[in-house]
Structure formats: structure tokens, C-alpha cells
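Trainee: Could you take me through one part of this model closely, beginning with a pair of helices and how they pack?

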Amino acid sequence: MNTPFSSNAAQSDRSRPDAPSGNGRSDDRSSPLAILLIDDNPRIAESLVLAIDLAGHRLDVAQGPEDGFSMLATRRYDAILLDLNYTAGRTDGAEGLVVLDRLLADDPGACIVVITAHSGIRLAVTAMQAGARDFVMKPWRNAELIAKIELAARRRPAKPDIFATPVMGNSMTEPARLLGDSDAIEQVRMVVRRIGPTMAGVVVTGPSGAGRSLIAAAVHAASAAAGAGAETPMMRIDLRDPQAWDRLDQGGAGTTWLLRHPDRLDEMTQARLLDRLRPGRFIAIADDARAIAPALARRIATVEIAAPPLAARRRDVPLLARHFARLAAQRHGRPLPRFTPAAEALFADAIWPDEIRGLAAAIERALLLGEDGVIDAALLAPAVPTAAILQNAAPGRASFDLDQSERGMIEAALAEHHHNVTQAAQALGLSRGALYRRMARHGL
């Protein structure tokens with residue numbers, strides 16, 4: 001995976017994740033813009049980086065939709081330049097229109113300028129009807145392109161950035177975007193879009209580490225899009241901490257309170273909590289929604305959104321891994337790493353303790369321990385030692401999931417070490433004989 005292009009001269013405050021931009025930018029025409037280009041053509045990227053840099057703006061380049069969504073999950077942009085074709089030979093723009101719909105579904109106020117071929121006027125009109133702000137045709141004059149971007153950005157509604165979802169008492173400042181293409185996460189996105197603009201109480205359940213806080217932030221962002229609580233951050237309250245209850249007396253009717261662990265309170269304490277609740281919106285995070293008393297649930301848990309476990313999002317794991325690799329590389333000043341084929345194969349079956357949070361930790365650890373910008377399967381071993389997982393799987397008695405994970409890890413290790421059994425066994429923490437026995441059991 002290549003490192004994205006980025007202009008260097010226009011290093012404005014808007015290039016920082018915590019800087020106001022997007023819907024919250026001022027109408028000062030001299031203000032530098034943060035622009036994202038989603039285009040897999042490196043020649044276009046190179047020319048635009050220079051032209052936009054000279055115009056006093058900043059351009060980041062995503063080499064396809066996956067990179068684009070990853071970058072949008074960590075930074076806010078004043079405008080997005082979106083190519084409409086990505087597969088070689090495709091000219092119908094269908095791929096780009098799907099991306100356009102997803103971008104606008106996540107952020108209805110997104111300022112998107114689409115790129116089409118010279119003969120694509122009908123496609124450009126379709127994109128405009130779908131919500132794009134403007135279009136440019138290849139080949140273009142750089143001055144004209146920059147003028148269109150600046151005009152489109154100035155026409156953007158002047159209201160707070162709905163995807164800057166700070167949480168009082170928390171460091172969450174990244175845009176609240178749910179990454180992934182699996183049916184499981186798309187279902188969550190659909191519920192968030194439907195329920196978010198209301199003031200209904202929402203309880204987010206699911207395994208710890210599966211992204212419950214991010215889903216809660218996405219609900220708040222969607223309610224902000226409808227004007228509810230748009231200027232007020234969520235007030236985060238861990239209900240297990242008696243001192244944190246004082247925050248229940250802060251805020252007003254437009255406030256959103258994020259309540260953690262109401263299900264761990266006894267019946268009497270839940271009744272006291274209900275008496276303390278003020279007008280506003282409540283989003284809860286709980287392990288078991290059934291443990292919330294009915295009276296309290298009517299206020300804070302009208303709708304339940306279950307964060308899907310990572311096992312239900314297998315197709316999202318490579319995308320999430322690359323996203324976490326980007327974050328870790330930025331955090332530690334390292335180049336964006338490349339995953340070996342064996343590491344990619346491991347994503348299909350490995351069990352990640354602590355869910356998505358565990359995957360993120362494994363990627364960061366692998367980046368720090370890896371050499372030459374490469375992450376291999378051995379570095380990605382889950383936090384639970386591989387040898388322990390394999391040794392605890394009695395022959396013929398392993399559960400289906402564990403059995404599949406064991407086979408996947410063995411295949412990945414063998415591929416990583418070019419089927420050198422001795423080296424693969426060392427990477428897995430097994431003796432050579434133990435690996436042979438497991439290979440025979442799996443028919444390898």
C-alpha cells in the first residue's frame with residue numbers, strides 16, 4: 001500500500017484533525033482549504049498537489065475509495081474531489097456514484113466535486129442530481145478547477161461540523177464514521193441514519209471493544225445533523241463513578257448525555273438515576289440491555305443498536321487493519337507499512353481478543369516491531385499466544401471457529417516461510433513434530 005500524496009506548503013490549522021473545517025469553516029475567501037482527492041491515477045495526483053499547493057490550499061490524496069473513507073475517519077475536509085471510475089476499462093461511473101451516495105449518507109453537507117471524462121456530461125448531471133456540488137471534466141485547466149472548488153466550499157452551509165463529535169471528559173475528536181462494507185456494519189449505519197435525527201434514547205450493546213463508543217458518537221453526529229445538540233458535545237458519564245453523576249445536572253434541553261454501564265446498577269440506583277435525568281437526549285452503552293429497568297429504558301434505551309462482533313465482519317478486517325496501520329504510522333512517524341500475503345491471509349480466520357480494539361493494538365504493535373515497513377503474519381499473532389491457542393485445541397474436539405483459526409494460522413505461517421516447516425513451527429511457538437501433527441489433522 002503506497003503512501004498518499006500530500007501538499008507540504010499549505011500547512012494550515014485545517015490540516016489538523018481537531019481544527020474547525022468542513023461545515024464549520026468561516027466564509028473568509030483567503031482561508032486555506034483542506035481538500036481530499038479520491039483518485040487512483042498517480043499522474044493526476046502529482047499535478048494537482050502542485051497546483052493546489054501553489055493556490056495556498058492543502059491537498060491529501062486517497063488512492064481509491066477505501067483510502068478515502070479511512071482518511072475521512074481521521075480528518076475533516078472542506079471539499080472532496082471524487083473520481084467516478086476506478087476499475088480499468090470502466091467508464092460508466094457506477095463505482096463513483098456508489099461512493100458519492102455513501103459520502104453523502106455519512107455527511108449530508110459534504111462538499112463534493114466530481115471528476116468525469118470529457119464525454120461524461122450525462123454522468124456529471126446524474127452526480128449533481130445525487131448531491132454533488134459541481135463537476136469538472138478531463139482535461140481541465142487548473143485555475144478553473146481551483147475556482148470551482150473554492151466556490152463550492154463557500155456555498156457550503158455555515159453550520160457546525162456535525163462529524164466533530166467531542167465527548168466531555170473524553171479525547172474523542174475524530175469524525176464519527178463507521179468503516180466497513182460488511183452487511184453487519186451497513187445495517188448499523190442504516191439504523192443510525194434512521195434513529196439519529198430523532199431524540200429517542202439509544203442503548204448500544206455488543207462486545208466490549210467492538211466500537212460501541214464510536215456508534216454512540218455516530219448517533220450523536222446524526223442528531224446534530226438534524227439540529228439537535230449541534231453545538232453541544234456529549235457529556236460522558238460512567239455511572240459506576242458516584243462523582244461523575246454531578247454531570248447530570250449540567251447542560252440543557254439540547255444536551256446529549258452518554259451514559260456508560262446503566263445495566264450494572266441495582267434496581268434502586270436505577271430508580272435514582274431516572275429521577276436525576278433532565279430534558280435532553282440519552283445514549284447508553286451497556287453489556288445487557290435487558291438488565292435496564294423498564295421505566296429507565298423508556299428514557300435511555302428506546303432503541304437498541306448492537307455493535308457486531310468482529311467475527312460477523314470478516315470482510316471488513318483487511319480494511320480496518322489498513323486504517324489502523326495508517327493511524328499508527330501517523331502517530332509514530334513511521335512510513336505506511338505493507339502487509340505480506342500471509343498477513344493478509346491471517347485476517348480471514350484469526351481470533352482477535354478484545355475485538356476491533358484488539359486488532360488495532362495488534363497492528364500498532366506489529367508496526368513498531370516490524371522492519372523495512374513490512375508487517376508479516378508472525379508479527380500479527382493475536383495477543384493470546386498462538387501456541388496456547390493451538391495446544392488447547394484437543395485433536396478432533398476443537399470448536400468450528402477455533403479449528404478454522406488454527407488452520408488459518410498454520411497456513412499463514414507456512415506461506416510466510418515458504419513452507420519451511422522448521423521456521424513456521426518457530427514462528428508459531430511449536431515444536432516441529434507438533435506442527436506436523438496439526439498439519440496432518442488439517443490435511444495440509
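Mentor: In this predicted model, the axes of helix H10 (residues 317-332) and helix H12 (residues 355-369) come within 9 Å and cross at roughly 50°. Axes here are lines fitted to C-alpha atoms, for helices over the stretch in contact, with angles running from 0 to 180 degrees between N-to-C directions, while helices (H or I, at least four residues) and strands (E, at least two) are DSSP runs numbered from the N terminus. H10 and H12 are therefore oblique to each other, given that angles under 35 degrees count as roughly parallel, over 145 as roughly antiparallel, 65 to 115 as roughly perpendicular and the rest as oblique. The crossing of H10 and H12 is right-handed, a term used if the near helix is turned clockwise from the far one by less than a right angle, and left-handed if anticlockwise.

On the side of H10, the contact (heavy atoms within 4.5 Å) is made by Val317, Leu320, Ala321, Phe324, Ala325, Ala328, Ala329, Arg331 and His332, and H12 contributes Ile356, Leu359, Ala360, Ile363, Glu364, Leu367 and Leu368. These residues of H10 and H12 divide into 13 nonpolar, one polar and two charged, where Ala, Val, Leu, Ile, Met, Phe, Trp, Tyr, Cys and Pro count as nonpolar, Asp, Glu, Lys and Arg as charged, and the others, Gly among them, as polar.

Another helix pair, H3 (residues 94-106) and H4 (residues 121-130), packs at an angle of about 15°, with axes 10 Å apart. That angle makes H3 roughly parallel to H4, and the crossing of H3 and H4 is also right-handed. Leu97, Leu100, Asp101 and Leu104 of H3 meet Leu123, Thr126, Ala127 and Ala130 of H4, a set that divides into six nonpolar, one polar and one charged.

Turning to the strands, S7 (residues 202-205) is covered on both faces, with Val202 and Val204 on one side and Val203 and Thr205 on the other all buried, that is, under 20% relative accessible area, against over 50% for exposed and partly exposed in between (1.4 Å probe, protein chains only). S7 pairs in the parallel sense with strand S10 (residues 281-285) over three bridges, and with strand S11 (residues 303-306) over four bridges; pairing requires that DSSP finds at least two bridges. Val203 stands opposite Ala284 in S10, and Val204 opposite Ile305 in S11.

As to conventions, residues are numbered from 1 along each chain as its sequence is written, and side-chain values use heavy atoms, with hydrogens and water left out. Because this is a predicted model, local features need pLDDT of at least 70 and side-chain atom pairs count only at pLDDT 80 or more, whereas totals for chains, interfaces and linings use all residues.
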